[in-house]
Amino acid sequence: MDQLTFLDSLLRTTAEQIDFFLENGYVVIKQAFTKEKADAFTKNMWVRLGMDPNDKSTWNQERVHMPPINREKVATFAPKAWEAIKELLGGEDRIDEQASTWGDSFIVNFGTPALEGAPTVEPPNLDNWHVDGDFFIHFLDSPEQALLVIPIFSDIKPRGGGTYIAPDGIDMIAQYLASHPEGVIAENLSLRPSTTTAANPRESPGYWSHLEEVKKCQKFVEVTGEVGDVVLLHPLMLHSASKNNLREPRVITNPPVGLRKPFNLCREDPRDYSLVEKKTLKALGVEKFEFKPTTERRSVVPQRVLRERAMLEAERKRLEQLELENITLITNSVPIAVA
Ligand SMILES: [Fe+2]
């Protein structure tokens, strides 16, 4: 293939991927990072977990979400994914520098003995549907979670515990957020207005249950792939962990990407809209949308963070123990000079 043909096919692929994103709200970047990068990141994963990859009896949880220890810039870890992220968000200058690194915060789906070989759970009946971003009050234009990103660190086969997504849920969530300029709390698989005073969240006017609403969706996609693939999804994508019926550990991360400023859904020049903004406008069925929050933008500390702090402490202890054992091994294997 000569250079021009190659460039032409590259541009066409990109154009096809853009159309696909605007239609479905996600895009798959194949082989966005190398096996070597993946191996280096996952090297100590089992020690950190305190489990044995060859002894299933040590896999004592269905799913684990690990805190990060190491980080690397996306631009060097997964250059192809970084290019796509910039394209989806309208350029590097719109992306928050703080949110341009990925960590080894693995989400491992082990399955359970009972799930191995069990029948597939139909996607609308999965028990984990949600939108990401439990650390801030959500508005339609929130900058904190500008994309949902899934880098894949293990080959994922069908029924192997891959994330399920519901692309037509984007329209539902966008319309819900558009009608709640007071902001929304996202927790416990639900949304509720941030101004609610109801003691029981379920009794809040405007309470939204993802598990109930997802049943209105028509289309469900199971995220499968290979080590090094990266899936980039619209931030309002409804998604759920699924049941791992293969009992082969499924390893991903889900690093957020943040923006320096909120999304702008009412730009003077339509050419300035990012692809994510275009998809949000498409979800609302309008050309532009003037959105003004009526309460302050603010972050919240979710229970998850407290759990992760305790896990991090336990992982550090196991890694220190490994280091001590290695030092002892090296010391014991030093040849003794004979005088
Ligand atoms: Fe999630």
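How many bridges link S6 and S12, and in which sense do the two strands pair? They pair in the antiparallel sense, over four bridges; strands count as paired if DSSP finds at least two bridges between them. This is a predicted model, where local features need pLDDT of at least 70, side-chain atom pairs count only at pLDDT 80 or more, and totals for chains, interfaces and linings use all residues. Residues are numbered from 1 along each chain as its sequence is written.

**The big picture**

- The protein has nine helices and 14 strands, where helices (H or I, at least four residues) and strands (E, at least two) are DSSP runs numbered from the N terminus.
- Its radius of gyration is 22 Å, close to the 20 Å from the globule rule for 339 residues, so the protein is as compact as a globular protein of that length. The radius is taken over C-alpha atoms, and the rule is 2.2 Å times the number of residues to the power 0.38.
- Along the principal axes, the C-alpha trace spans about 85 × 65 × 40 Å.
- Buried residues make up 35% of the 339 residues. Buried here means that 20 or more other C-beta atoms lie within 10 Å of the residue's own; exposed means 12 or fewer, partly exposed is in between, and C-beta atoms are placed from the backbone.
- Take the contacts with a sequence separation of 6 or more: 83% of them join residues 24 or more positions apart. A contact means C-beta atoms, placed from the backbone, within 7 Å.

**The S1-S12-S6 sheet**

- S1, S12 and S6 form an open, antiparallel sheet of three strands, in that order.
- S1 (26–29) and S6 are the edge strands, each with a single partner, so one side of each has no neighbour in the sheet.
- Neighbouring strands here are turned by 15° against each other on average, direction ignored; the axes are lines fitted to C-alpha atoms, for helices over the stretch in contact, with angles running from 0 to 180 degrees between N-to-C directions.
- Four bridges join S1 to S12 (residues 230–233), and these two run antiparallel.

**The core and helix H5**

- The largest nonpolar core has 65 residues, and those with the most contacts inside it are Ala81, Ile85, Leu89, Leu147, Val230 and Leu232. A core is a set of buried Ala, Val, Leu, Ile, Met, Phe, Trp, Tyr and Cys residues joined through C-beta atoms within 7 Å.
- H5 gives this core its largest share, six residues.
- The buried residues of H5 (residues 79–89) are Ala81, Trp82, Ala84, Ile85, Leu88 and Leu89.
- Seen down the axis of H5, they fall within an arc of 165°, so they line one face of the helix; the arc is that of the directions from the helix axis to the C-beta atoms.
- Leucine 232 touches Ala84, Ile85 and Leu88, as well as Tyr26, Val27, Ile29, Leu147 and Val149, not counting residues up to four places away in sequence.

**The S11-S7-S13 sheet**

- Another open sheet has three strands in the order S11-S7-S13, again with antiparallel pairing.
- S11 (221–222) and S13 (238–240) sit at its edges with a single partner strand each, so one side of each is left without a neighbour in the sheet.
- S7 (residues 164–166) pairs with S11 over two bridges, and tyrosine 164 has glutamate 222 in S11 as its bridge partner.

**Loops and positive phi**

- Glutamine 31 is not a glycine, yet its phi is positive at about 50°. It is found in the loop between S1 and H2 (35–42).
- Asparagine 188, also not a glycine, has a positive phi of about 50° and is found in the loop between S8 (184–187) and S9 (190–193). With 14 C-beta neighbours inside 10 Å, asparagine 188 counts as partly exposed.

Technical notes: Two residues are in contact if their C-beta atoms, placed from the backbone, lie within 7 Å.
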